[in-house]
Amino acid sequence: MASVAANEPDRKGLTALGKSASVDEILEACIKAFDQTGGVTDDSIPRMFLLMHQWYLPSAEVVGKLLTFYRRSCSSDARSQQDRICQLVKYWISEFPAEFDLDTGLAEQIKEFQDTATRSGGRRHSELVDISKVPSFEWKRQVTQRNQVTQKKKKMSLLFDHLGPLELAEHLTFLEYKSFCRILFKDYRSFATHGCTKENPVLERFITLFNSVSQWVQMMVLSMPTPQQRAEVITKFIHVAQRLLQLQNYNTLMAVVGGLSHSAISRLKETYNFISPEVIKIMDSLTELITNCGNYNNYRRAFAEAEGFKFP
């Protein structure tokens, strides 16, 4: 792909670019966003490029281009340009460290860059592009084996009885976030390319967690022997969903509300007679929030307005 579309108006670092730019031109704009000390007035362009470049260019090739720029600056004695290039690489390492640990091609290319920097720019440049202190992210690729659960080993969830709605919501959010952190950019790209989770165990496990939460909600309700007990479980899950909204965990919120909206539960008319109108009103508002009407318009608006930690 020779160029990348840019629909926004001219910004700092991109004033020389029109509606599209070559990869080299975007890299030049990213370099110019930094000063010699690493200061940056607006990191939106470098961050956007470093986050999205893998759609059309491997990371190792990006480093190769930066290395070419660096060597060109050596020949022209442009010390300030070398400083900016190294600051851009340092920013890349600090913002996306997992890439430098898990992508062997990128790691090898950056070591070549470091060797060149050591010879040409001295110790300071070498330290700026050093990846030796990047921690291991191998845990992101490790997926535990699922244990086959026999009918005899199935047990009721003790957590549900002993934890309040907020504690349950926090536990679910932790599990969701832990699973989400394992997903890399290449997992999204694989799904977008192939349209399935085949040979994508990390993303498959994330989706499985969502489905498991929804099924757990259904199981907890339907396992109760009387309508009143089922109503108590439904009420508690509605309060859990309410807490998930407060935590801005929209993904697990959809799983819980989806489980409660399943036909096997929604048709329990006698059970719903034991649920207070106030709780039913809360459930209706949560259902309205995540409805798919208008391409999830209500959810999209709420998520855009949310500040701080939020889980899509």
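Reply: A definition comes before the first question: a pocket is an open set of grid points with protein on both sides within 12 Å along at least five of seven lines. The model is predicted.

Me: What is the volume of the second largest pocket?
Reply: The lining of this pocket has 29 residues. Its volume is the space filled by probe spheres set on the grid points. For the second largest pocket that gives about 870 Å³.

Me: Which residues lie nearest the centre of the second largest pocket?
Reply: Four helices each supply at least two residues of the lining: α2 (44-52), α5 (97-102), α9 (165-180) and α10 (185-194). Domain 1 (23-138) and domain 2 (153-305) each give at least three. Nearest the centre are Phe 96, Glu 99, Ile 183, Leu 184 and Phe 185.

Me: How many residues in the lining of the second largest pocket are nonpolar?
Reply: Take the other classes before this one. Two lining residues are polar and eight are charged. The nonpolar count is 19.

Me: How many aromatic pairs does a search of the whole structure find, and what is the geometry of Phe 49 and Tyr 56?
Reply: The search finds 13 pairs. The rings of Phe 49 and Tyr 56 are 6.5 Å apart, centre to centre, with 50° between the planes. Planes under 30 degrees apart count as stacked and over 60 as edge-to-face. The pair of Phe 49 and Tyr 56 is therefore tilted.

Me: Is Phe 49 buried or exposed?
Reply: Phe 49 has a relative accessible area of 3%. Buried means under 20%. So Phe 49 is buried.

Me: How are the rings of Tyr 177 and Phe 309 arranged?
Reply: Their centres are 5.9 Å apart. The planes meet at 65°, and over 60 counts as edge-to-face. So the pair is edge-to-face.

Me: How many residues apart in sequence are the parts that the pair of Tyr 177 and Phe 309 ties together?
Reply: Tyr 177 is partly exposed at 42% relative accessibility, and Phe 309 is partly exposed at 43%. Tyr 177 lies in helix α9, whereas Phe 309 lies in the segment after α17 (293-305). The pair therefore ties together parts whose separation in sequence is 132 residues.

Me: Which residue lies over the face of Phe 303?
Reply: A charge sits over a ring if NZ of Lys or CZ of Arg is within 6 Å of the ring centre and within 35 degrees of the ring normal. Here the distance from the ring centre is 4.5 Å. The residue is Lys 310.

Notes: Residues numbered from 1 in each chain as written. Predicted model: local features only at pLDDT ≥ 70, side-chain atom pairs only at ≥ 80, totals over all residues. Heavy atoms only, no water. 1 Å grid on protein atoms, 1.4 Å probe; cavity = no way out; pocket = protein on both sides within 12 Å on 5 of 7 lines; lining within 4 Å. Nonpolar A, V, L, I, M, F, W, Y, C, P; charged D, E, K, R; others polar. Domains from an automatic or database assignment. Phe/Tyr/Trp six-rings, centres within 6.5 Å; stacked < 30°, edge-to-face > 60°. Buried < 20%, exposed > 50% of the residue type's maximum accessible area, 1.4 Å probe, protein only.
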